[in-house]
Amino acid sequence: NAAEIHGTPWMRGTQVFGAYSFTDRALPSPSPTANLVGLWKGRSQELVNDQYGYIGYWIGYNKKAEAKNYLDLAFKNVEFLEEKKYNLSTLNAYKSALYSYKLSLNKALAPVLGIKSIESAREAVKLDKENYFGYVQMGNIQFYIPSTFGGSKKEALDYFLKAKELMEKSSGNLSENWNYLSLLVIIGQSY
């Protein structure tokens, strides 16, 4: 059913925010048998966003198996949405993030996945210059690449501030938006 799509039990934004805010909270395990068929329009991007958050959560706690499960599910959902031509700018931003997550789980793939992540982030911004999430990914790339390989905290900060500006201009209530709160944290870390 639509309540469990590609393994992520449906959670509203405040529940995801709660999981992000309170680290002792257990997150559900994905069920690989669920699928996206029947998902109503508009909810699919939320699902991918939730999975994006869960992957970061699990990587942060060095739970690689859990992170890989959500990563596999998120890639399937992004592929499904790409076939439907659903918001290609945002999907490219998610692909950039997912490639980066995959890279963090296997550093040996850095030469290939790093390039894919960069190309996807650039494509996201090229397709929609008002898409804050593309700028977040451009910032993440600059933030996490070592300076010896071209990374720049200053350039990252510029991208993050652009994302913040776009988000504040276009979004409604940001007080419980975990993407916004995460952006504020990484802006602070960039100074």
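This is a short talk on one protein chain, from its overall make-up down to a few side chains.

Hi everyone. Before we start, please keep in mind that this is a predicted model, where local features need pLDDT of at least 70 and side-chain atom pairs count only at pLDDT 80 or more, while totals for chains, interfaces and linings use all residues. Residues are numbered from 1 along each chain as its sequence is written, and side-chain values use heavy atoms, with hydrogens and water left out.

Let's begin with the whole chain. There are eight helices and two strands, and from the N terminus the order is β-β-α-α-α-α-α-α-α-α. Helices here are DSSP runs of H or I with at least four residues, strands are runs of E with at least two, and both are numbered from the N terminus.

The chain has 191 residues, and 46% of them count as buried. Buried means under 20% relative accessible area, exposed means over 50%, and partly exposed is in between, with a 1.4 Å probe and protein chains only. The accessible surface comes to about 10,000 Å², with 55% of that belonging to carbon and sulfur atoms; the areas come from the Shrake-Rupley method with a 1.4 Å probe, and for residues only the protein chains shown count as cover. As for contacts (heavy atoms within 4.5 Å), take the ones between residues at least 6 apart in sequence: 65% of these join residues at least 24 apart.

Now, have a look at helix H4, residues 88-105. Of its 18 residues, 13 are buried, so H4 is largely enclosed by the rest of the structure.

On to charges. The whole structure has five salt bridges, each being a side-chain nitrogen of Lys or Arg within 4 Å of a carboxyl oxygen of Asp or Glu. I'll show you some of them.

Lysine 95 is buried at 15% relative accessible area, whereas glutamate 82 is partly exposed at 23%.

Another joins lysine 169 and glutamate 130, at 2.8 Å from N to O. Here lysine 169 belongs to helix H7 (residues 153-170) and glutamate 130 to the loop between helix H5 (110-127) and helix H6 (132-144), so the parts tied together are 39 residues apart in sequence. Is lysine 169 buried or exposed? Lysine 169 is exposed, at 57%, and glutamate 130 is partly exposed, at 45%.

There is also a salt bridge between glutamate 168 and lysine 164, at 3.1 Å from N to O. Both residues lie in H7, four residues apart, about one turn of the helix. An α-helix has 3.6 residues a turn, so residues three or four places apart point the same way. Glutamate 168 is partly exposed at 36%, and lysine 164 is partly exposed at 24%.

Last stop: serine 190, in helix H8 (residues 178-190). Serine 190 is buried, with a relative accessible area of 9%. Its side chain reaches the backbone oxygen of isoleucine 186 at 2.7 Å. Leaving aside neighbours within four places in sequence, serine 190 is in contact with Phe143, Lys153, Leu157 and Phe160.

Key
A polar contact is a pair of N or O atoms within 3.5 Å; within protein, one must be able to donate a hydrogen and the other to accept it, and residues adjacent in sequence count only if both atoms are side-chain atoms.
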